Amino acid sequence: MDDRQSKMLLALRQITENVSAQSSLNEAIALLVVSIRNATGADCCSLYLIDELGEYLTLAGTDGLDKKAVGKARLRLGEGLVGSVGQKQELLDLADAPSDPKFKYLPEVGEDKFFSFLGVPIIYQGELLGVLVIQSREKRQFGAVEESFLVTLSAQMSSIIAVSRASKEEDTGCVRRYRGEQGTGGIAIAKAVVWQPDVLLSDVTIQHTNEPYVQQELFHQTVFQLQTEMDLNTLHMNESGQKEAAFGYMSGYGSLLDDPTFQDEVDTEILANGMTASSAVKIVAERRLADLEGEDDHDRYLDLRDLSEIILSRLMNFTSYTSELSEEVILVVRNLPAAMVAEFKRYRVCGFVSMDSASNSHTAVLARDLGIPSVSGLFFDINSINGRDVIVDGLNAEVLVDPSQSVVSEYRQLMTLDREQEDLFSKEKFEKGITLDGQRIEIKLNAGLSQEEMTNLPEQTDGVGLYRTEISFMLCKSFPSEAQQCQWYSSILKQFKGKSVTMRTLDVGGDKSLSYLPIEESNPLLGWRGVRITVDQPQILKTQLRAMILANKDHGNLEIMLPMVSRLSEVNTVKKILKDAVREISELSQKEIPMPKFGVMLEVPSVVYMMDELIKEVDFFSIGSNDLIQYLLAVDRGNPKVARFLDTFHPAVIRCLYYLCEKAGQAHKPIAVCGEIAANPLGALMLLSLGYTELSMNYSELSRIGYLVRRVNFKDLLEIGKKALKLPHSEEIRQLYIDYAIAAGLDKVIAQNLVKRPADKTAN
Ligand code: PEP
Ligand code: MG
């Protein structure tokens with residue numbers, strides 16, 4: 001690599017970092033063109049952006065052309081060299097641009113002095129965003145180094161540009177609108193609270209408290225929690241042969257955490273000086289850091305700083321933060337661990353915005369379970385919205401910041417309309433799912449988080465189709481005991497007495513983690529997940545199974561199913577452990593306890609080809625379509641960048657679903673769908689058309705899907721299913737169900753996504 005090349009490579013990273021730190025697209029572009037010109041040594045760098053209709057490329061920034069032409073000079077797509085790069089979406093490197101027949105002279109830009117031209121398209125998710133150009137006075141081709149520099153930069157810039165363009169300022173300048181991915185439908189209007197887990201000492205502002213004892217308790221609880229985690233981590237490191245690391249870890253953080261003088265000093269700041277816990281930690285830490293400055297022990301300095309920041313992050317985290325909130329808030333996070341969602345119901349979170357996760361991530365699925373309007377997969381400076389007025393429009397996947405009064409009142413009207421529609425659905429909430437032609441469709445509940453406090457819940461469902469046991473595990477600090485689990489399980493079995501409750505054994509790993517079972521993997525979705533973990537840790541599984549059976553002793557409505565099964569041996573192993581557990585509990589209670597119904601989730605493509613064998617081993621199947629689609633299409637369900645490929649109507653998906661339904665049906669084994677597809681009105685129509693008669697979903701969708709089921713004709717849908725199975729493209733398949741729904745008068749139920757929200761009118 002020559003000098004010039006390595007200089008450019010270095011510049012690449014710097015440019016991306018600097019440009020993404022800019023707060024507006026115009027500033028970012030202005031910086032970008034100057035930086036590129038400097039790094040390449042070209043005489044001019046310009047960026048053209050395509051308009052919304054995809055017709056014109058307009059000069060958006062330049063260093064070298066006439067700045068007065070910015071925002072004015074434009075070329076039709078295909079016109080001139082810039083238009084041609086855009087249209088062909090191909091790089092163009094010319095030594096003598098003006099002599100090219102495609103060259104178009106724009107008098108206003110002043111480019112007569114330039115000869116060489118290198119243009120590269122900027123493309124995001126397959127769509128042209130603009131063209132980046134460098135030019136020079138010399139008649140020479142730029143060549144491979146500049147080409148690869150510009151191509152790399154344009155790829156890196158594309159997401160920044162796409163995202164910035166997605167946020168628009170209203171004419172009135174009073175709203176910023178961001179589009180993300182659909183989370184949970186519904187609208188929330190409140191102030192935003194940004195939760196960031198990593199707090200720096202400098203982030204903390206000194207504050208006093210009227211409740212010193214509460215603050216002192218908070219501090220000590222946090223320290224205790226950290227001590228427990230560190231003990232576990234040390235144990236884990238020791239067990240995995242990392243003894244030295246464990247020693248270093250303990251002697252660094254551990255000794256500080258256990259240091260009573262540190263704790264005493266913090267206590268004094270809180271009790272004697274009336275500081276909040278976080279202010280006290282900051283004061284003590286900074287005092288000690290100042291003492292250490294100038295000494296040789298740099299490691300101790302860093303340990304103290306890092307540990308204080310860890311304590312601060314814990315102190316200022318969501319739990320302590322929101323517990324002080326007196327009114328409803330919209331919680332804004334970069335990436336929220338699924339376990340934290342479980343905390344929502346304790347606090348006043350009425351809306352939820354997450355930057356990183358996609359709408360099918362576990363975090364989003366759990367938020368949906370609570371029925372909280374949410375949008376995910378957004379990109380913007382999260383700190384910029386802390387404390388601002390925000391509207392979360394889950395249905396349209398939009399977040400509006402600082403809306404004007406008129407926009408707020410329009411949204412309030414929409415909330416009323418949404419509520420009226422909900423009321424319409426819920427008027428029938430105790431009615432059974434029977435289609436117009438008499439086909440009984442069982443509609444069950446996905447539970448785990450929100451079912452306990454709801455009254456009349458069993459009367460609104462045909463049972464629990466998926467009880468996510470891991471959610472309760474996530475709320476614990478260590479593995480729950482058999483007795484503790486037994487209590488949880490009896491409570492739901494009792495609540496649903498007379499109706500089946502399908503409990504899924506512990507499903508962690510992937511994007512669901514337990515703080516007390518840290519799993520470090522480079523590819524967690526293909527890693528130690530679901531039943532793989534419980535088969536490897538039979539004592540955890542056995543405790544859970546025993547707790548379930550014990551809990552079911554007085555109720556008799558338990559069904560058990562396994563998540564993430566990918567091979568027959570997993571089923572055999574768990575079945576054996578289950579039989580042992582049943583025998584043990586029978587002996588314990590001195591009465592014969594029958595085996596509960598036993599099933600598997602179909603979530604991994606390998607088991608699609610194992611149906612014959614599985615049919616012999618299990619009583620029922622349930623399709624975890626979130627995972628099945630993820631693995632079938634090789635699309636990470638939690639990655640917003642590829643969310644558009646997580647395609648429910650993909651021909652492979654519907655053919656696979658049809659095959660599974662047929663296979664199970666031939667063997668007279670019940671088969672249900674408990675993934676998000678069942679809760680989506682169009683998805684539910686598709687499932688019915690493939691022959692499914694059991695759907696399980698979050699509470700918030702139960703009454704909508706019930707309403708829909710009672711207004712469709714099952715036999716007609718089966719005919720549509722036959723047609724769908726022959727189609728090669730998902731758009732055509734999806735359209736079949738849209739057409740059916742509209743013809744059945746269900747446009748309101750399915751077409752909510754097409755509703756124009758107020759911001760659409762105002763943002764143009
Ligand atoms: C699924 O994968 O569809 C499912 C129901 O399980 P989870 O979303 O909890 O992985
Ligand atoms: Mg799953």
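G110 sits in the loop between β4 (92-94) and β5 (116-124), where helices (H or I, at least four residues) and strands (E, at least two) are DSSP runs numbered from the N terminus. With a relative accessible area of 18%, G110 is buried; buried means under 20% relative accessible area, exposed over 50%, and partly exposed in between, with a 1.4 Å probe and protein chains only. The C-alpha atom of G110 is separated by 5.9 Å from that of D66, 44 residues apart along the chain.

This is a predicted model, in which local features need pLDDT of at least 70 and side-chain atom pairs count only at pLDDT 80 or more, while totals for chains, interfaces and linings use all residues. Residues are numbered from 1 along each chain as its sequence is written, chains are lettered from A and ligands numbered from 1 in the order in which they are written, and side-chain values use heavy atoms, with hydrogens and water left out.

The chain holds 28 helices and 23 strands. Of its 764 residues, 54% count as buried. Among contacts (heavy atoms within 4.5 Å) with a separation of 6 or more, 67% come from residues 24 or more positions apart.

The magnesium ion (ligand 2) is coordinated at 2.0 Å by E603 (OE) and D627 (OD). E603 belongs to the loop between β20 (597-602) and α19 (605-608), and D627 to helix α21 (residues 625-633), so that the pair, 24 residues apart, links distant parts of the chain. Both E603 and D627 are buried. Donors here are N, O and S atoms within 2.8 Å of the metal (3.2 Å for Na, K and Ca); water is not among the atoms, so sites may look incomplete.

Two helices can be set side by side; the expected span is 1.5 Å times one less than the number of residues.

| Helix | Residues | Length | Span, first to last C-alpha | Expected span |
|---|---|---|---|---|
| α2 | 25-40 | 16 residues | 22 Å | 22 Å |
| α15 | 482-495 | 14 residues | 20 Å | 20 Å |

In α2, the buried residues are L25, A28, I29, L32, V33, S35, I36, A39 and T40. G41 follows α2 and has a positive phi, near 75°. In α15, Q485, C486, W488, Y489, S490, I492 and L493 are buried, and the buried residues of α15 pack against elements including β16 (442-447), β17 (464-468) and α17 (538-552).

Helix α23 (residues 681-689) packs on helix α26 (residues 730-743) at an angle of about 100°, with the axes 10 Å apart. Axes are lines fitted to C-alpha atoms, for helices over the stretch in contact, and angles run from 0 to 180 degrees between N-to-C directions. The two helices are therefore roughly perpendicular, a term for angles of 65 to 115 degrees. L682, L685, M686 and S689 in α23 meet R734, Y737, I738, Y740 and A741 in α26.

Helix α24 (residues 699-709) is largely enclosed by the rest of the structure, because nine of its 11 residues are buried. The cover over its buried residues includes α13 (405-426), β16, α23, β23 (694-697) and α27 (747-750).

Positive phi also occurs at A397, about 55°, although A397 is not a glycine. A397 lies in the loop between β14 (389-393) and β15 (398-401) and is buried, at 6% relative accessible area. H668, another residue other than glycine, has a positive phi near 55°. H668 is in the loop between α22 (651-666) and β22 (671-673) and counts as exposed, at 72% relative accessibility.

Terms used:
Angles under 35 degrees count as roughly parallel, over 145 as roughly antiparallel, 65 to 115 as roughly perpendicular and the rest as oblique.
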